Each structure stands twice: as structure tokens, then as C-alpha cells.
Amino acid sequence: CYNSFMKKILIIADGILAKHFLERVINTHSSQSKYFVVYYDSKTIPEKRPENFKFYNFDPTSFIKLSNVLNDDLYQVMIIMSNKIDTNAVYKNIRMTRKDLQVILLDRWDLEIEDRNLFVLNASEILASRFSDYLPDIPVFAQNVGLGSGEIMEIAVPVGSSYVYRHLASIEQKNWRVSAIY
């Protein structure tokens, strides 16, 4: 029996990236949510299957089959698929049943979808951003902190900078605050 306060999340998964995502969710998240996973290739599903996960093996592009798991108490749907046509079909099937449901979609193809209840994660932008974090002299923004708006940022202070050996109170701060210099 599951707590009525648990968030119910539907994950529509296909491909190696979806498998890595599911493994990460299984290994790093507690049992505070109930996960329903729809897949059509068993290679996508990790071996570990906690009790707060329920797996459905069917083609999510089928409106009839997908509508059976799109019940009213879902908190959100995540679409992580490896095929553009299937991704579009699944998204359209969801919207035919639930127009108000929050959908998070991994976009590998620069899809152009206007929907206020859709959050698109552009795969190319995410990867480019993570690679640039490793370049020298580029500010590094904290990940998964606060609202994700850069509340914490790390900047390397080069040797010879005017900020080296200065007291924090002597640095003028407008619309931002220096918390430490190391």
C-alpha cells in the first residue's frame, strides 16, 4: 500500500540514455515517489526493480494502451526516447488525454512544441554546458542547487588578479555577494 502523498510519475523510456536515467533514479532516489515505467525494449530496463517501481511493456505510441496508464492522479510524465517520430507520437497521445499534465521531454532533435505544461530538456545544450564546465577561466555554476538560477557560482581567481589578498568587505558588491575567496 502506498502513501496517498506519494507523487506518481510516469516515465516513458526507450534507449540507452533512458536506461542510464532509470538506473540513476533507482540508485539515488528514496521511495518518496511511485514510478510507472512504460517501455517496449527490455534492454532499456535495469535489473534492479524496487517496489515503488511498476513496469509496463507495451508500445507507448499506441493511444489506447497509453491512455490506460494516464490516470488522473499522475504528478508528471517524463519522456526519454531515442526516436523522434515515437517521441512526437507519445507526446501527442498524452495531450489527447491530459492537457494539464506536466510533461518533461528530452529533446534530441530541436523539436518546436508550444505548451505551457511542457518542459523541454535540449540534449545538445545540456552536453555543451557540461563540457564547457571543464574549460579554464569559465565560471562554474552550481548544479541542482536552489532554483537552478545560479544562486552559487564558482570563479577561479587567476594569480595576479586585483582580488587576490583582498578582504571581502573591500570588494564592492551590487546585486550579488561574494561569500568566500579561496
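**Notes on a predicted fold: rings, bridges and a charged patch**

F53 is buried, with a relative accessible area of 8%; buried here means under 20% relative accessible area, exposed means over 50%, and partly exposed is in between (1.4 Å probe, protein chains only).

1. Residues are numbered from 1 along each chain as its sequence is written, and side-chain values use heavy atoms, with hydrogens and water left out.

2. The overall layout: the protein has four helices and eight strands. Helices (H or I, at least four residues) and strands (E, at least two) are DSSP runs, numbered from the N terminus. Going along the sequence, you'll read the pattern β-α-β-β-α-β-α-β-β-α-β-β. Of the 182 residues, 32% count as buried.

3. Now the aromatic rings. Rings of Phe, Tyr and Trp (its six-membered ring) pair if their centres lie within 6.5 Å; planes under 30 degrees apart count as stacked, over 60 as edge-to-face and the rest as tilted. By this rule there are four aromatic pairs. Take F36 and Y56: their ring centres are 6.4 Å apart and their planes sit at 25°, so this pair is stacked. F36 belongs to strand β2 (residues 33–39) and Y56 to strand β3 (residues 53–57), so the pair ties together parts that are 20 residues apart in sequence. F36 is buried at 13% relative accessible area, whereas Y56, at 23%, is partly exposed.

4. Back to F53, then. It makes a stacked pair with F55, at 6.1 Å centre to centre and 20° between the planes. F55 also counts as buried, with 18% relative accessibility. Y35, Y39, F53 and F55 form one aromatic cluster.

5. On to charges. Side chains of opposite charge can pair when their charged atoms come close. A salt bridge is a side-chain nitrogen of Lys or Arg within 4 Å of a carboxyl oxygen of Asp or Glu, and the structure holds three of them. In one, D73 meets K8, with the closest N and O atoms 2.8 Å apart. That pair links distant parts of the chain, 65 residues apart: D73 is in the loop between α2 (63–67) and β4 (74–80), and K8 is in strand β1 (residues 7–13). Both ends are partly exposed, D73 at 41% and K8 at 23%.

6. Next, R95 and D115 form a salt bridge at 2.6 Å, N to O. R95 sits in helix α3 (residues 84–97) and D115 in the loop between β5 and β6, so to speak distant parts of the chain, 20 residues apart. R95 is buried, at 10% relative accessibility.

7. D100 and R98 also meet in a salt bridge, at 3.5 Å, N to O. Which of these two is buried, and which exposed? R98 is buried at 9%, while D100 is exposed at 55%.

8. Finally, look at the surface: D110, E112, E114 and E125 gather in a patch of negative charge. Such patches are made of residues with over 30% relative accessible area and no salt bridge, like charges being joined within 9 Å. E114 lies in the loop between β5 (102–107) and β6 (118–122), and at 80% relative accessibility E114 counts as exposed.

Technical notes: Predicted model: local features only at pLDDT ≥ 70, side-chain atom pairs only at ≥ 80, totals over all residues. Patch = residues over 30% accessible without salt bridge, like charges linked within 9 Å, V, L, I, M, F, W, Y side chains within 5 Å. Areas by Shrake-Rupley, 256 points an atom, 1.4 Å probe, with all protein chains shown as cover. Lys, Arg positive; Asp, Glu negative; His and termini not counted. Charge placed at Lys NZ, Arg CZ, Asp CG, Glu CD.
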